[in-house]
Number of protein chains: 2
Amino acid sequence: MTKHSDSPGFGGVPLPGLGPEEEFSLEAARQRLGESFAPVPVPELAPADPELDRAVAELRRLREATAALAHSEVELGDIADRLAEVADLLEPRVPTPEQRLEMMWTGAGTRRSNPVGGQENPIAPPVKFFGCDDGSVTAEVTLGPVYQGPPGCVHGGISALIIDHMMGFANHWGGRFGMTAHYEIDYRSPTPLLQPLTFRAWVEEFSGRKTWTHATIHAGDRLCVQARGLFLEASVPVPGKPGARSTIADAP
Amino acid sequence: MTKHSDSPGFGGVPLPGLGPEEEFSLEAARQRLGESFAPVPVPELAPADPELDRAVAELRRLREATAALAHSEVELGDIADRLAEVADLLEPRVPTPEQRLEMMWTGAGTRRSNPVGGQENPIAPPVKFFGCDDGSVTAEVTLGPVYQGPPGCVHGGISALIIDHMMGFANHWGGRFGMTAHYEIDYRSPTPLLQPLTFRAWVEEFSGRKTWTHATIHAGDRLCVQARGLFLEASVPVPGKPGARSTIADAP
């Protein structure tokens with residue numbers, strides 16, 4: 001796998017000339033950049049509604065700040081009142097969840113709304129995704145206390161969540177797709193909170209409808225978690241589009 | 001495993017007389033209720049700060065409402081401004097993440113702050129946990145669009161997150177403890193959003209430091225996900241308490 005130290009431009013070089021309708025894939029990157037290139041960040045899709053992105057960004061600030069004030073001396077009654085006022089304004093305007101599921105698939109699918117990387121999702125951690133020339137994908141993230149399991153450590157299920165998503169992204173980058181069928185994780189050492197973590201995933205093997213994908217989490221040079229997944233080509237119906245089916249599992 | 005249909009009082013009967021310092025465990029339940037009892041809900045710990053719980057509850061309303069308004073006609077600029085004002089008030093008062101990690105372990109540990117069931121955690125889904133007389137634990141939850149992976153379905157990583165936590169809870173209920181060492185999931189059929197899901201977990205076997213725990217997710221009678229975990233007795237240092245170590249992995 002590509003190491004950061006081999007890639008001085010890590011994350012600094014967007015894939016040039018990629019149109020919004022084109023797949024962010026190893027093949028597209030090779031056509032533009034040749035066989036060897038520094039990791040390219042996933043291009044940000046233009047927001048469907050910049051104010052939505054801003055509201056979600058504020059909710060992320062609020063989630064971190066509010067959780068951080070637990071067991072402190074700060075009075076939160078007035079804060080709760082102000083948040084309630086905003087929620088009271090919004091809720092009457094909310095479409096039904098069923099309508100929401102339909103609307104979600106009218107734009108960029110779940111790429112902007114998924115719970116791992118979606119800029120429109122208030123629970124998503126601040127993960128940055130990159131595609132690498134060796135066929136792997138990487139992500140960088142530092143996780144705060146809302147993601148805690150054991151003291152000072154990332155919750156094992158949060159590691160599992162991000163890895164599952166990363167493996168879907170690795171499949172996408174490698175031109176494969178599929179839904180997770182089987183997934184195994186080995187926790188090798190504690191995954192620290194508040195330190196930069198590197199997630200990596202790559203397609204290890206494929207055959208017919210099956211894709212085997214591997215992944216790791218490192219804190220610096222230390223291996224924290226290893227994982228393997230089996231993905232099967234499959235599709236599910238798209239809500240609100242009779243007859244339409246989606247093969248999208250976990251888009252980056 | 002206990003079925004809902006066998007348990008007319010499902011969730012309705014709190015474990016009587018359990019003091020706040022006592023373990024919520026099968027053994028404690030048997031001492032009070034005998035060998036056979038309807039599923040007992042995990043007792044709510046008294047909030048350290050009721051205003052914190054209220055602020056977090058408002059943030060959960062806001063996360064659902066804001067995500068639900070994506071791709072709608074509703075203008076969110078004013079909402080974003082109001083949220084920014086509140087975040088601006090809070091952030092200067094936030095302790096450092098390191099201080100926060102210490103404070104988190106002064107009260108009820110992560111029981112109220114963890115990312116699956118914690119009332120103090122703005123990203124936690126609305127899961128309700130129960131202990132059963134056959135040694136299993138169950139949880140009920142209906143997940144909305146912020147937890148979506150494939151269209152209309154729960155993100156596979158979100159299933160993995162909740163199951164990991166449930167297995168830790170099953171160990172706790174059964175008087176075992178340990179950190180997740182190895183974890184396997186089989187996705188048998190799509191896990192639907194917006195429908196009540198039943199999570200179940202139980203200690204299957206144990207020996208010395210090892211505990212093997214199994215889990216399932218059902219939508220009605222349909223099996224969506226099966227999982228198995230191996231847990232090892234282990235401890236990690238408690239932030240801010242030199243020499244202290246915690247064996248708590250995922251408390252309910």
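Student: What share of the contacts in chain A between residues at least 6 apart in sequence join residues at least 24 apart?

Tutor: The share is 65%. Keep in mind that this is a predicted model.

Student: How many helices and strands make up the secondary structure of chain A?

Tutor: There are five helices and nine strands. From the N terminus, they run α-β-α-α-α-β-β-α-β-β-β-β-β-β. Of the 252 residues of chain A, 58% count as buried.

Student: Why is A:N171 called buried?

Tutor: Set the value against the cut-off. Buried means under 20% relative accessible area. A:N171 has 1%, so the residue is buried.

Student: Where does A:N171 lie, and which residues does A:N171 touch?

Tutor: A:N171 is in helix α5 of chain A, residues 156-173. Leaving out residues up to four places away in sequence, A:N171 touches A:R176, A:V203, A:T211, A:T213 and A:F231.

Student: How do you know that the span of helix α2 of chain A agrees with its 19 residues?

Tutor: Compute the expected span first. The rule is 1.5 Å times one less than the number of residues. For residues 50-68 that gives 27 Å. The end C-alpha atoms are 27 Å apart, so the two agree.

Student: What reaches the backbone nitrogen of A:E51 at the start of α2(A)?

Tutor: A side-chain oxygen of A:D49 does, to within 2.9 Å. For a polar contact, the N or O atoms must be within 3.5 Å.

Student: Where is A:R61 found, and how far apart in space are A:R61 and A:P122?

Tutor: A:R61 is found in helix α2 of chain A. A:R61 and A:P122 are 61 residues apart in sequence and 9.6 Å apart in space, C-alpha to C-alpha.

Student: Which residues of chain B does A:R61 touch?

Tutor: A:R61 touches B:A84, B:A87, B:D88 and B:E91. The side chains of A:R61 and B:E91 are joined by a polar contact of 2.8 Å.

Student: Why is the pair A:E91 and B:R61 called a salt bridge?

Tutor: The limit is 4 Å between a side-chain nitrogen of Lys or Arg and a carboxyl oxygen of Asp or Glu. The closest N and O atoms of A:E91 and B:R61 are 2.8 Å apart, so the pair qualifies. Across the interface of chain A and chain B, the rule finds eight salt bridges. There are also 24 residue pairs in polar contact.

Student: Which element gives the most to the side of chain A that touches chain B?

Tutor: α2(A), with 14 residues.

Student: What is the area buried between chain A and chain B?

Tutor: About 8,200 Å², with carbon and sulfur atoms giving 69%. In that interface, 92 residues of chain A are in contact with 92 residues of chain B.

Methods:
Residues numbered from 1 in each chain as written. Chains lettered and ligands numbered in written order. Predicted model: local features only at pLDDT ≥ 70, side-chain atom pairs only at ≥ 80, totals over all residues. Heavy atoms only, no water. Helix = DSSP H or I, 4+ residues; strand = E, 2+ residues; numbered from the N terminus. Polar contact = N/O pair within 3.5 Å; in protein donor to acceptor, adjacent residues only side chain to side chain. Buried < 20%, exposed > 50% of the residue type's maximum accessible area, 1.4 Å probe, protein only. Contact = heavy atoms within 4.5 Å. Buried area = accessible area lost by both parts, 1.4 Å probe.
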